Every structure is written in structure tokens, then in C-alpha cells.
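Welcome! Here is a short tour for anyone opening this structure for the first time. Keep the 3D view beside you as you read.

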Amino acid sequence: MSPQPLSAHSEVLIVGAGLAGAAAAAALGRRGFRRVRLLEREARDGSHASGRNAGMVRQMVSSSALTRLSIETAREFARRAREAPAFPFRAGGSWLIGDPARLAALEAVTPGLGRLVDASDVARACPSWRGAPAEGVLHTPDDGLVDPLPLLAHFLGEAERLGVERRRSEVRALVRAGDAIRGVETDHGRLGADLVILAAGAWSDGLAREAGARPLGLRRTRRHLARCRAEAPLLAPGAFVWDLERDLYLRPWGDDPRDFLATPGDDEPVPGEDALADFDSRREDLLDRLAGRLGRRPRIEEVWAGVRTFTPDGDFAIGFDPGLAGLFWATGLGGHGVSSSWAVGRLVADLIGGADHPLARALSPARFGGADRRDDQSSSASHSK
């Protein structure tokens with residue numbers, strides 16, 4: 001299927017006002033679309049993954065497509081922070097620690113973005129970090145930190161200023177007519193549209209399945225985050241340290257310079273809608289790993305968890321559905337939603353507006369065999385975002 005570009009007068013509905021949906025709404029507004037509605041069922045913005053993450057802007061990852069989106073986003077965040085000091089981004093750099101061969105492979109994805117440094121260089125970010133001489137360290141000076149909820153509010157505010165309409169509505173089903181999606185059924189009635197964008201994260205597959213589209217096979221996992229307190233200030237402002245082999249990262253958090261965020265690196269499947277914290281079995285393991293790197297155990301002050309949503313191959317699903325007209329996917333951002341958010345929004349707007357984009361094929365939902373459709377046209381989903 002080769003969809004025709006939409007005009008600025010087309011009706012567009014976005015399901016889900018997390019980072020993907022909000023960034024897409026703002027980008028469509030910048031592109032001149034004036035009939036965009038952004039739907040979110042939760043009473044509080046960022047109730048799920050978009051508000052429960054570590055807020056690290058990391059550019060160098062193993063996927064060249066995701067690296068490209070993250071580079072574009074980091075540059076835009078830096079530009080906005082220069083122009084508006086209140087923008088919630090600070091570039092303090094990242095230090096990725098791990099097997100030298102693995103880090104060299106990361107560095108090779110985008111040569112010149114980061115550089116391999118001596119293990120002692122980590123002290124610039126975290127003076128008390130206990131490394132090993134044999135470990136490799138990859139330093140990317142333009143990486144940084146962003147506060148997730150203020151970032152989401154920034155996208156939502158930009159979208160509203162550009163004319164996007166926001167509604168608190170639960171999308172219960174996609175409305176299908178023949179081989180096309182023509183709107184959504186909400187708890188407040190039916191809304192028609194020329195295009196429906198599925199930006200509902202972990203709930204996107206369920207909506208698609210009930211409308212007769214083939215789901216992508218999204219995988220939902222839970223990850224815990226722990227706000228810890230050290231005895232003295234631990235990390236340089238805007239900087240983070242990430243032990244790739246142990247999936248242990250540290251970043252400053254909040255107003256007290258002794259506070260930092262860490263994770264036990266868990267990644268367990270979750271079947272339900274939300275990810276309630278279940279941290280007791282991981283507490284000692286996290287404290288032991290932190291003690292091994294910092295020399296002593298910090299105090300854990302608070303714990304929460306969020307759902308991360310992955311496609312089968314780990315890259316995003318951004319593009320038109322290959323079997324149903326009027327349906328567009330913007331989901332599966334996994335652990336890279338913050339790092340790539342601005343560029344994801346722009347990619348969505350480019351594709352909908354008919355612009356060529358070098359990542360269109362790499363991130364298309366068609367790569368998951370979506371042309372093979374179910375025949376049923378049921379539209380009774382009740383578990384959407």
C-alpha cells in the first residue's frame with residue numbers, strides 16, 4: 001500500500017498523549033496541520049512510561065536508525081536550551097562503561113560523536129566510581145539529562161499553541177469501514193478521521209487486533225527505578241554513568257545533589273496495563289552492585305516502575321499500516337523514547353505529509369509482515385490507552 005500524503009485540512013486523531021503522541025502532535029502543528037486531535041484517557045499527563053523514566057538523552061546505541069533519531073533530538077534539545085534557559089535539558093555528557101570491543105562497535109556506528117577514553121576519565125562525572133583498568137569507557141560530551149514530565153508538558157504546550165485540540169477520552173475501539181480505519185469509538189462517542197495515529201505504547205497492539213489489523217507483536221516489560229541518597233554529592237550536573245555489562249546506570253535526580261537515580265536493570269514481561277512496583281526481591285542486588293561501584297551502600301528513598309514497549313526487533317514502528325488505510329503506527333519506543341522524542345515527532349509528520357525520509361523503510365511496520373490481515377472487523381476493545 002502506498003498511501004497518499006495528507007493535506008493540512010485532513011482530520012488526524014492521535015491515540016495516546018505520551019512522548020510519541022505529544023511530539024507527533026507538535027510536529028504536525030509545525031507542518032501546518034490544523035485539524036489534529038490528541039486523545040488521552042488518563043487524568044494526569046505522563047501517567048505511564050513517558051513520566052516514569054530516567055530522562056537520559058543517550059545518542060550512541062547499537063541501532064544506526066535509533067542513533068540517528070537520538071542525534072537529531074539531542075541537537076534540537078541543545079538548541080532549545082540555548083534559546084530558552086527554562087527548557088528542561090542539560091548536556092553534562094555520558095560515560096558508557098563495558099567491554100572495550102562492545103564500546104568500539106558502538107563508537108563505529110557514528111564515528112566522532114563520542115570517543116573512547118581511559119577508565120579514570122569517569123571521575124569527571126562520578127569521582128567515587130570504582131572502575132577497572134581493563135574496562136572500556138566511551139564518553140559522549142553532548143549527551144545529557146532532561147526532566148521527563150516537563151519535557152512532555154513542553155511538547156503538549158507547543159502542540160496546543162499550534163492549534164492541536166486535546167481531549168481526555170478513552171479510545172475503546174478503532175472504527176473500520178472495509179479496508180480502512182475511519183475514526184475511533186471513545187467513551188464520549190465516535191470521532192471520525194482521515195488518519196488515526198496509534199501512539200498508545202503497550203496498548204497499540206490490542207486496538208489494532210480488535211479492528212482486524214495484524215498486531216506487531218509488541219513486548220511489554222517492567223523496569224524499576226530507585227531514587228537513592230548518597231552521603232555527599234555524587235554526580236556532576238547533567239552527567240550520567242552507565243555500566244552496560246551490568247545494566248546499571250546512575251544520574252542526578254531532584255534538587256538535592258546527594259540524590260541520584262539507579263536501576264536494577266530488570267526487564268521482565270508484564271501482562272497488565274500498568275507496572276506496579278515489586279522491588280523487594282531486587283533491593284539487595286541493586287545495593288550490592290552500587291556498593292561495588294561506589295564503595296558503600298546508598299540509602300534507597302523511593303521506588304517506582306514503568307512499562308517499556310518493544311517491537312520484535314527492538315527498533316521503532318513508525319509508518320502507515322501496510323494493510324489498512326487510515327492507520328499509522330508510532331509505537332515501540334522501548335527505552336529510547338526520551339532520547340529520540342523530538343525526531344520521532346518530526347518523522348511522523350514528514351511521512352504523513354508525504355516527505356521522503358531515509359528511515360522510512362527501516363522503521364516501517366510492514367517489516368513485521370503486516371500485509372497478512374485477519375478477516376474479522378471487530379471493534380470492541382476496552383483496554384486501550
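Two strands count as paired if DSSP finds at least two bridges between them. With that in mind, valine 12 stands opposite valine 36 in β2. Please remember throughout that this is a predicted model.

**The six-stranded sheet**

- Six strands form an open sheet with mixed pairing, in the order β9-β2-β1-β13-β21-β20.
- Its edge strands are β9 (165-168) and β20 (317-320), each of which pairs on one side only.
- From one strand to the next, the twist averages 20°.

- β1 runs parallel to β2 (residues 36-40), and four bridges join the two strands.
- β1 also pairs with β13 in the parallel sense, again over four bridges.

**From β13 to β21**

- Strand β13 (residues 195-198) and strand β21 (residues 327-331) run parallel and are joined by three bridges.
- Here isoleucine 197 stands opposite phenylalanine 328 of β21.

**Helices α1 and α7**

- How do α1 (residues 19-30) and α7 (residues 337-352) pack, and at what angle? Their axes are 7 Å apart and meet at an angle of about 45°, which makes α1 oblique to α7.
- The crossing of these two helices is right-handed.
- On the α1 side, the contact is made by Leu19, Ala23, Ala24, Ala27, Leu28 and Arg30.
- On the α7 side, the contact residues include Gly337, Val338, Ser341, Trp342 and Gly345, as well as Arg346, Val348, Ala349 and Ile352.
- Taken together, the residues of this contact divide into ten nonpolar, three polar and two charged.
- Helix α7 also lies across β13, β20 and β21, running at about 15° to β20.

**Strand β5, an enclosed strand**

- Is strand β5 (residues 94-98) buried or exposed? Five of its five residues are buried, so the strand is largely enclosed by the rest of the structure.
- Ser94, Leu96 and Gly98 point one way from β5, while Trp95 and Ile97 point the other way.
- β5 and β7 run antiparallel and are joined by five bridges.
- Serine 94 has threonine 140 of β7 as its bridge partner.
- β5 also pairs with strand β15 (residues 240-243), this time in the parallel sense and over four bridges.
- In that pairing, leucine 96 stands opposite tryptophan 242 of β15.

**Aspartate 118, out on a loop**

- Where does aspartate 118 lie? It is in the loop between β6 (115-117) and β7 (136-140).
- Why does aspartate 118 count as exposed? Its relative accessible area is 52%, and exposed means over 50%.
- The C-alpha atoms of aspartate 118 and glutamate 135 are separated by 8.6 Å, and the two residues are 17 residues apart along the chain.

Terms used:
Residues are numbered from 1 along each chain as its sequence is written. This is a predicted model: local features need pLDDT of at least 70, side-chain atom pairs count only at pLDDT 80 or more; totals for chains, interfaces and linings use all residues. Side-chain values use heavy atoms; hydrogens and water are left out. Axes are lines fitted to C-alpha atoms, for helices over the stretch in contact, and angles run from 0 to 180 degrees between N-to-C directions. Angles under 35 degrees count as roughly parallel, over 145 as roughly antiparallel, 65 to 115 as roughly perpendicular and the rest as oblique. A crossing is left-handed if the near helix is turned anticlockwise from the far one by less than a right angle, and right-handed if clockwise. Contact means heavy atoms within 4.5 Å. Ala, Val, Leu, Ile, Met, Phe, Trp, Tyr, Cys and Pro count as nonpolar, Asp, Glu, Lys and Arg as charged, and the others, Gly among them, as polar. Buried means under 20% relative accessible area, exposed over 50%, partly exposed in between (1.4 Å probe, protein chains only).
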